[in-house]
Amino acid sequence: MPTREIVIIGGGIIGCTTAYYLASHPLGSASASASGTTTKITLIEASAHGPAQGASGKAGGLVARWAYPKEIVDVSFEEHVKLAGEHNGADRWGWRYVGCGSWEGRGEAIVDLSEKDAETGRANKSLEKELGLPGGQKPVRGGGGGKARRSNPLPDDLDWVHEELTDSYSPMAKDGDTAQVHPYLFTTSMFELAKSSGVNYIQGKVTSILQENGSVVGVEYTNPTTHKVERIPATHVLLAAGAWSPSIISALPISATRAHSITIRPKAGVSIAPYVLFTEITESSTKSHSSPEIYARPDNEVYACGPGDDCPLPEVVDDVVVDQPSCDLIYTHVSSVSQQLREGSVERRQACYLPTVSSGGGPIIGEAKTIAKGLFIGTGHTCWGISNAPGTAKALTELIMEGKIKCANLRKLDPSVLL
């Protein structure tokens, strides 16, 4: 009996979610299918600490109908809703709808921010969240002074930013169009659900994708225990290694941006209302500017991130270096507009790398036939990997299992167009 042998490279949000969708597909059962073909699915991850060690575990977790690109957004949002309903996502990975707005105002002079900015030593890079908005505009607006503030008041329950420092606030989307998950919990939940459906897991660093006569035939990886190169046979290979994907397929036009973030635990008894804020802060004395994003989470944890930088990508995710001044700067910025955050304690200081398609557009989703038949790509999602993972997984599953993407028109994201 023929066997469909699928190898997924990368234990991030795309790899784990696709593993779940493949294992859940009627033709993806480990037992014989109606077509007479059995399916074996293997997920391989380089980190010694398991899945979700990169951006998939350290992102903000925003899920939005206004995300980017439009070709996959609506499918992904509805799949998020479906997954949360089927697997108790509210309790399991913090699924909930949130308010989302752009906040512009002045920061209290906690420290001299002009000096703190110089400590990081690297030029800032945009994380490109503005790509999802109409016209690609920056996700902060309003502006200026009391008049704008009076015409755009803060929501009544948004009490964890200083009202007297607010110049303007604008909702970024209508109710029901923005939600969130805890990215680490969502990714690892997809991983565990996939394993429970028969997906095999291997820890190891992939060194090459093997081809014969223009088709993939397997994957070679380094066994971390024996340090020997071993081989996994494959009829289908999905490359979903995020920023590390070009180290396996050099033709991929993927660049990496390092992004820092922190999590803050407010003092006991302090409740943080469910909002995601895109801020534009002007420090009162120095007039320096910052644009941290702030995410209130269901367990009363607060996540905040700053801009990216161009620090070189390390060989593996376990070697990512956290720049402490960059994390301190994020705390300084968000503390300048919120007493609740200033009085809280920083629990995590972390960094991750986001994959960006440097040839324009992106992400890259589909079969890379020009490289090898049976080679599928799912990477380049920038900051929208968490939001767009279920739609990406559904599309790739349809393509691998049925030969055609039916849920969306992803022609603009096809490797044949972008490579």
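## Salt bridges in a predicted model

Glu 301 is buried, with a relative accessible area of 2%. This model is predicted. The partner of Glu 301 is Arg 348, and the two form a salt bridge. Arg 348 lies in strand β18 (residues 345-357), while Glu 301 sits in the loop between β16 (293-296) and β17, so the pair ties together parts that are 47 residues apart in sequence. Arg 348 is partly exposed, at 42% relative accessible area.

**The chain as a whole**

The protein chain has 11 helices and 20 strands. Of its 419 residues, 58% are buried. Take the contacts between residues at least 6 apart in sequence: 77% of them join residues at least 24 apart. The chain exposes about 16700 Å², and carbon and sulfur atoms supply 49% of that area.

**Pairs of charged side chains**

The count of salt bridges comes to 15. Among them are these:

| Salt bridge | Closest N to O distance |
|---|---|
| Arg 258 and Asp 309 | 2.9 Å |
| Arg 348 and Glu 301 | 2.9 Å |

Where do Arg 258 and Asp 309 lie? Arg 258 is in strand β13 (residues 254-265) and Asp 309 is in strand β17 (residues 302-309), 51 residues apart. Arg 258 counts as buried at 4% relative accessibility. Asp 309 also counts as buried, at 5%.

Arg 349 is partly exposed at 40%, and Asp 328 is partly exposed at 28%.

Salt bridges can also form a network: one links Arg 65, Glu 78 and Asp 177.

Conventions. Residues numbered from 1 in each chain as written. Predicted model: local features only at pLDDT ≥ 70, side-chain atom pairs only at ≥ 80, totals over all residues. Heavy atoms only, no water. Helix = DSSP H or I, 4+ residues; strand = E, 2+ residues; numbered from the N terminus. Buried < 20%, exposed > 50% of the residue type's maximum accessible area, 1.4 Å probe, protein only. Contact = heavy atoms within 4.5 Å. Areas by Shrake-Rupley, 256 points an atom, 1.4 Å probe, with all protein chains shown as cover. Salt bridge = Lys/Arg side-chain N within 4 Å of Asp/Glu carboxyl O.
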